[in-house]
Amino acid sequence: MSGAGRISARVIVVACGLAAAACGPRGEGQATAARVTVFEGARVITADGPPIENAAFVVEGDRFGRVGRRGEVEIPAGAARVDLTGKTVMPAMIDVHSHLGFLDMADMSMSKDHFTKANLIDHLERYAYHGFAAVCSFGTDMGDLPFQMREEVIQNAALYRTVGRGLAYPGSGPADPSRNDVPYAVTTEAEARTAVRDLALHKPDFVKIWVDDRNGTKQKLTPPLFRAAADEARTLGFRSVAHVFDLADAKELLRAGVEGFTHMVRDQPVDEEFLRLLKERPDVWFTPNLGGMNRSLPGDAAGARPRWADDPMLYETIAPAVIERRLAQLARTPAGGPSPGRVWDLQNTRTLKAAGVRLVLGSDAAGDSNRWIGVTAHMELENFVAAGFTPAEAIVAATRAAAEVLRLNQLGTVAPGKSADFLVLDANPLDDIANTRRIASVYLRGQQVDRAALRTRWQAQATRRSGPE
Ligand SMILES: [Zn+2]
C-alpha cells in the first residue's frame, strides 16, 4: 500500500470513530445490518438529567439508539437482548489530566525507555479496563508517536488525546526525574513563542504551561514569559492550560488568557478578585488534582492502612507484591502533616464549585510512580465527593463535563446518537461514589471490552516480573 493510501485509510477510521453519526453502519453501504442490542432493566445514569430506573437502551453498531424506561422504548425487530436487572449503567469516563507512557505498571518504575507504543497501548487498555473512554496526556509526551496514536482507534483501549510537550522554565516542569527535561525549555519571550510555533505544527489539544517554583526550589516561568506563550497560542488558534500552584500566578494566567488549569490554587484561599476574574470567564475549567491515591481518602485514619489497599479492583490488575511495597513505603513515611498544597486544595475546590466554576476529572495518573494508571482516577472521584460534590455531580465531572473540555462531543452521556461507551456496575455509585469500582463490564464504541483477556495478561506479567524489592 502506498503511503498516501495508508493515510487515507487512517483518516476514515478516525472519522468513523469520532464524528457523531457521520458514518454509522447504514452509511457504509455494507450488506450486513448493524449489530443491534437492547440492554434492559438497569438503572441508567445518563449524566444529562435524572437517572432512569428500570431503563432500556438500544445500541446500534457503535452508537446509542433510543434510551428510556423499559416498556416505553421501541425494540427493533431481531435485536439481541441483554438483561441488566439490578445493575447500574453510567457513561464511560474521561481523564482530562494524565501522563502516559513512562510508568511500567508491572513494577511501577518510571523511565523514558518505557515510552513505547506498546506501553502507551498498555496504558490505554488499562484506562478502558477501568471504564474510561478517553484520556489526555498532559505535557510529557515525546516525539510524533503520541500524535500518530491520537488518530487511531484501538480495540479494547481508550482514545488518546495529547498536548505533546509542555513549556517550562528549565527544571520546573514535571517533577519526576525520568522526564524533567521533556518540556520545551523557555527562558526568554522569543523562546516561548518559538516553542509554541513548533508545538502548533502537531495541532496539540492544548498548549500546556508549567508555572510552579516547586516550593521555592526552582525558577518558574515569569509573567512576561507565560504571557508570550499564551498569546502565541491564541494567535495560532490554540487553547492554553497552566499547571499552577500560587494564587497570584493563577490571576495573571487568567489575564493572559489561559482557558484551563491543572491542579487547584494551593498556596492560600482564593479571594474575591480571583472569583471576579473567573466570573468573567465562564469557559475556564480546572482539574483540581486532589491527589488520587496519594491522598488519604475520606474516612482513612492518619497513619492507618489506606482503604484503597483493600479494594479488590487493585488486585485485578496489579501485583500484590507491588501493592505491599507501596504500603511499606507509606508506613515508613513520617507523619509530618499534610504537604503545603494539601491544606488549601480541598477548600478552594469547594469554593470554586460553589461559584459555579467548571471542575472536571483529571487524575494526574503517573504524575509520580504512586498514581497508578486506571485506578487512581477512581480514587480521585472520592476526593471530589470529599470536596463537596454529590456522587451525581462527581460523575458529571468525570463524563459530560470532561468530554466538553476535550471537545469529544460523541462522549460523556448515555443519549441517542452518542458513542456507545458505558460501564455496567454491580452497585449504585449514586449511593457511594466508590461503587464506580464495582465494574461488571465496560463497553467502548458499542463493543464489550475484553476485560478477562486483559486481566489474564496483566496477572501473568505481574507473576513474572514483580519480585521482592
Ligand atoms: Zn500532571
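**Exercise 1.** Within what distance do the axes of helix H4 (residues 189-200) and H5 come, and at roughly what angle do they cross?

*Solution.* The model is predicted, and the steps below are worked from it. First, the axes of H4 and H5 come within 8 Å, and they cross at roughly 30°. Next, angles under 35 degrees count as roughly parallel, and H4 and H5 are therefore roughly parallel to each other.

**Exercise 2.** Work out which way the residues of strand S14 (residues 207-211) point, and follow the chain onward to strand S15 (residues 240-244).

*Solution.* Begin with burial: 5 of the 5 residues of S14 are buried, so that the strand is mostly covered. Then take the directions, where Val 207, Ile 209 and Val 211 point one way while Lys 208 and Trp 210 point the other way. In a regular strand the side chains alternate between the two faces of the sheet. S14 pairs with S15 in the parallel sense over 5 bridges, and His 243 in S15 is the bridge partner of Trp 210.

**Exercise 3.** Check whether the span of helix H2 (residues 117-129) agrees with its number of residues, and then describe its burial.

*Solution.* H2 has 13 residues, which at 1.5 Å a residue should span 18 Å, and its end C-alpha atoms are 18 Å apart, which agrees. The buried residues of H2 include Leu 120, Asp 122, His 123 and Tyr 129. Just after H2, Gly 131 takes a positive phi of about 95°.

How values were computed. Residues numbered from 1 in each chain as written. Predicted model: local features only at pLDDT ≥ 70, side-chain atom pairs only at ≥ 80, totals over all residues. Helix = DSSP H or I, 4+ residues; strand = E, 2+ residues; numbered from the N terminus. Expected span 1.5 Å × (residues − 1). Buried ≥ 20, exposed ≤ 12 C-beta atoms within 10 Å, placed from the backbone. Pairing = 2+ DSSP bridges. Right-handed = clockwise from strand over helix to strand, strands pointing away. Axes fitted to C-alpha atoms, helices over the stretch in contact; angles between N-to-C directions. Parallel < 35°, antiparallel > 145°, perpendicular 65-115°, else oblique.
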